Amino acid sequence: MARLFRIWWCFFKNVLAETMSYRLNFFLMMTIHVGWFAVYLATYGVIFSQVKDLAGWSPYEVLFLAGTWQLIFTTFVGIFVPNLSNISWFIKTGEMDFVLCKPVGSLFYLSINRVELGGLSSMLSAIPALAIAGRHLPGFAPTAWDLAAYCLLILAGIAILYSLMLAIVSIAFWATRASAVQGLFWAIQEFGGYPAAIYNRPLRWVLTFIIPVAIIANLPASMMLKGLDGASVALMLGIAVLALVVARFVFYAGLKRYQSASS
Amino acid sequence: MTSGLRKYGAAYRLKLQDTMEYRANLVLGNLTQFLPLAAVLVLWAAVYRQRAMVAGWSFTEVITYFIAARAASSMLWVSLTQDIEKDIKDGLLAKYLLMPLSYFWYWLSVVAAEKTLNAVVVACFLLALGLAYHGRFFIQADPALLGLTALSLLLAFFISFCMAFTVCMSAFWMSEIWAVGFTKDMFQEALSGGIFPLMMLPPAIYHAALWLPFAYCLHFPLMIYLGKLTGDELARGFLFQAGYALVLGLLAQAAWRLGVRRFEAVGA
Amino acid sequence: MHGLIQVDSLSKAFRRHVKDEGLLGSLKGLFNRRYEETRAVDAISFCVGEGELVGFLGPNGAGKTTTLKMLSGLLHPTSGMARVLGHTPWERKDAFRRQFALVMGNKSQLWFDIPAMDSLRLNKEIYGVDERAFKASVGELAEMLDVQGQMNVPVRNLSLGERMKMELIASLLHRPKVLFLDEPTIGLDVISQKKIRAFLKAYNQATRTTILLTSHYMEDIRALCERVMVISQGRLVYDGPLKGIASRAGRYKMLKATFTQPVPLKALARLGKASQEEEGRVAIKVPAAKATVAARELLTRFPVADITIEDPPVEDLVRQLFEKARASRAQEKARP
């Protein structure tokens, strides 16, 4: 276990060194992430300039949801996205061969070899949003348990995003000439930043149990707003674990195919 | 002149063939553009459950707007970074410099081929959507307005191409430009009406946005189609659009010349 | 079968899709794909013992890299078996992967923008090499390769030869028992090629590491290997001492010349077998012993602009071996 952490730390140091050579990119990436957050909030701003509530969510409740989504999403983007999106690139350049020869679990190596520092640091932009929302919500007084559960569910949310992206990106092992399949992930994650109440029953069911995007931010946020609910926590954790298992299976199945079909 | 057109025609055809090799990519790429549309439409449906008109827009208009915006952006917008960046960094540019070819017009032809195929796939999709949900959208009937929309769309494509091309020129000076391209894409999406109709912004911001070229990449042609512009606004809009097409075209060529000079001096 | 590396009837076949040319072909390809099967490796068998330095020689596309990839565990074979260090490579067990290294001539595992040393440290962590052993290995290897001064230079700023040297250090710092090399000198200048070859020979002799190397340059094999395996179209056509083919390969030389004025091929026929190549170049095949004499005659009697003396292409050698193998098989069949 300690060895795995040392390996991750080595990767992190290398990325840090590399980022120093590309300082401008780092600032641009941070600008981009914060910029997207601003645009996302502006959409809600436009909506709330016209209506008082959105499917039962008040403006500050929505702000809290948006902050939760930003927190989960940017952390995920910072830690995992540069790696998962690189998998098809690795296959193309043949670097995958080097990864497969190393005495480390291939999925582990592929998942953590880079860090996107710009994205990771922009998760800080979520904090003011959450704080402002909290202050304007009457009766908002989370206990230590609430916070602990919230953090746990944030981790579960990241795990779900990871599983979704991993499963989609693994398709590259079969459809080597369909790199556009990655776009599917970015299309799907759009469903995560809105209050789940806007989706009708069947759609909400699909987005909770089949492609669990809707619960990623909604569950932790509504839990914080309405109080700790053991059943919901258990549900989200269960879905997260299941998602990880399925995604890992798809990945290794794809890897096996890569070993049979490539030259 | 004909020999000039022939070589760009050849580039166009070759790119068509090349893109068709990746048939899954073609279909998937366009499909994934439309999926987020569902989320957006559901969002606005929730808003319209409470009021019939929002900022002067009816629900039908808003739906039409978002679908048209998504269709148009996938057909018009250009993001060239990787190819041109590779040419410059790997020094492959040299082979183009030796040919009697304008790099700018060459890439325009190549991108046009890609967009043609995109347009075909998108058109099929729109047709299917139209047949399934007819009556839910606003179909522009005035042929004059339709013609103006088409003209405006062509200009929008050209403007989008020039901006992307100019951004790529920074590869002559910087070693990694994908972040620059990404930033430009973000501004383009936000300020062109790609996320929500610009008209819904507070008036001060809306008028400021109309001075930027991004608004003429999407907002302007869509407004023509929806018939939401007065005669004055139409004329003014075309003035701006044509003006930007010219200015950005010249800017792109200038950036190219500067870049090539540096390339020849430094190597790669 | 015995030895560190055992291969028995290993085969690998691929499906590739074929397209007609032109726009019409592309449109057809949208709806209907044709495939054809190629046998990249066809029932290859051999054993390699500890400490051997063996070369795989063959023209491009012969199946050398595919074989190497199967032995590294990167590919599943279509049929047959292989065991390296007692493991089946394509199961990719950690215990196996800790003991070998793969170096590919045209691909790099080093991070591009940071000093080579940082990439080496990463490998140290991955392979679990302790600090003292790491310093010792890297120090020795850097000295043998003469790159002590470049350890802290970003890889981007190193020359191709220096990058290959760093690749080698990165691959050897965990003291693997087996080293696979795929076209290690490809793209390098002549001096770097010589240095890499000298290093590999010295390393093999000092550490008894088993080395398997592929190349389509005769010179690589000639300088390094005592044992050569020649592969053509997926089949092993020769497995034996270098002497066996060196003599065959060394029997002829190719004189290649360009002239300031056109010279008819007939006039050159007295020197040897002359043929026209592209760009106005002429190739003359002469017996090796007579090469210098023929070259001198060429220079004195003809308006030569440029001249080189080369080995015959590997393909020639391979064709000869192929035919010899076929002839001896036919002979055996004919025997009562």
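A: Let us start with the contact between chain A and chain B, where two residues are in contact if their C-beta atoms, placed from the backbone, lie within 7 Å; by that rule the contact takes 31 residues from chain A and 28 residues from chain B. On the side of chain A that touches chain B, the elements giving two or more residues are α2 (23-48) and α11 (182-189) of chain A, helices and strands being DSSP runs numbered from the N terminus (H or I, at least four residues, for helices; E, at least two, for strands). The most comes from α2(A), with 11 residues.

As for provenance, this is a predicted model, in which local features need pLDDT of at least 70 and side-chain atom pairs count only at pLDDT 80 or more, while totals for chains, interfaces and linings use all residues. Residues are numbered from 1 along each chain as its sequence is written, and chains are lettered from A and ligands numbered from 1 in the order in which they are written.

Q: How many nonpolar, polar and charged residues does the side of chain A that touches chain B have?

A: Ala, Val, Leu, Ile, Met, Phe, Trp, Tyr, Cys and Pro count as nonpolar, Asp, Glu, Lys and Arg as charged, and the others, Gly among them, as polar. On that basis, the side of chain A that touches chain B has 22 nonpolar, 7 polar and 2 charged residues.

Q: And how many residues of chain A are in contact with chain C?

A: Here 21 residues of chain A are in contact with 26 residues of chain C. Three elements of chain A, α1 (2-21), α6 (95-101) and α14 (230-261), each supply at least two residues of the side that touches chain C, and α1(A) gives the most, with 8 residues. By class, that side of chain A divides into 8 nonpolar, 7 polar and 6 charged residues.

Q: Which residues touch the most other members of the largest nonpolar core?

A: A nonpolar core is a set of buried Ala, Val, Leu, Ile, Met, Phe, Trp, Tyr and Cys residues joined through C-beta atoms within 7 Å. A residue is buried if 20 or more other C-beta atoms lie within 10 Å of its own, exposed if 12 or fewer, and partly exposed in between, with C-beta atoms placed from the backbone. The largest core has 134 residues, of which Phe76(A), Ile160(A), Met165(A), Ala72(B), Ala156(B), Ile159(B) and Phe161(B) touch the most other members. Not counting residues up to four places away in sequence, Ile160(A) touches Pro212(A), Ile216(A), Ile239(A), Ala240(A) and Ala243(A). A second, separate core of 73 residues includes Leu100(A), Leu71(C), Met104(C) and Ala116(C).

Q: Why does Pro220(A) count as buried?

A: Pro220(A), which lies in helix α13 (residues 215-226) of chain A, counts as buried because it has 28 C-beta neighbours inside 10 Å. Leaving aside neighbours within four places in sequence, Pro220(A) is in contact with Thr68(A), Tyr150(A), Leu153(A), Ile154(A) and Gly157(A). Pro220(A) and Leu152(A) are 68 residues apart in sequence and 8.9 Å apart in space, C-alpha to C-alpha.

Q: Which residues of α8(B) are buried?

A: Those that are buried in α8(B) are Ala179(B), Gly181(B), Gln188(B), Ala190(B) and Leu191(B). The helix itself, residues 178-191 of chain B, has 14 residues and reaches 20 Å from its first C-alpha to its last, close to the 20 Å expected at 1.5 Å a residue, where the expected span is 1.5 Å times one less than the number of residues. After α8(B) comes Gly193(B), whose phi is positive, near 90°.

Q: Where is a positive phi found in a residue other than glycine?

A: One case is Ala55(A), with phi near 50°, in the loop between α2 and α3 (59-79) of chain A; Ala55(A) counts as partly exposed because it has 18 C-beta neighbours inside 10 Å. Another is Leu85(C), with phi near 50°, in the loop between β4 (79-84) and α3 (94-97) of chain C; Leu85(C) is partly exposed, with 17 other C-beta atoms within 10 Å.
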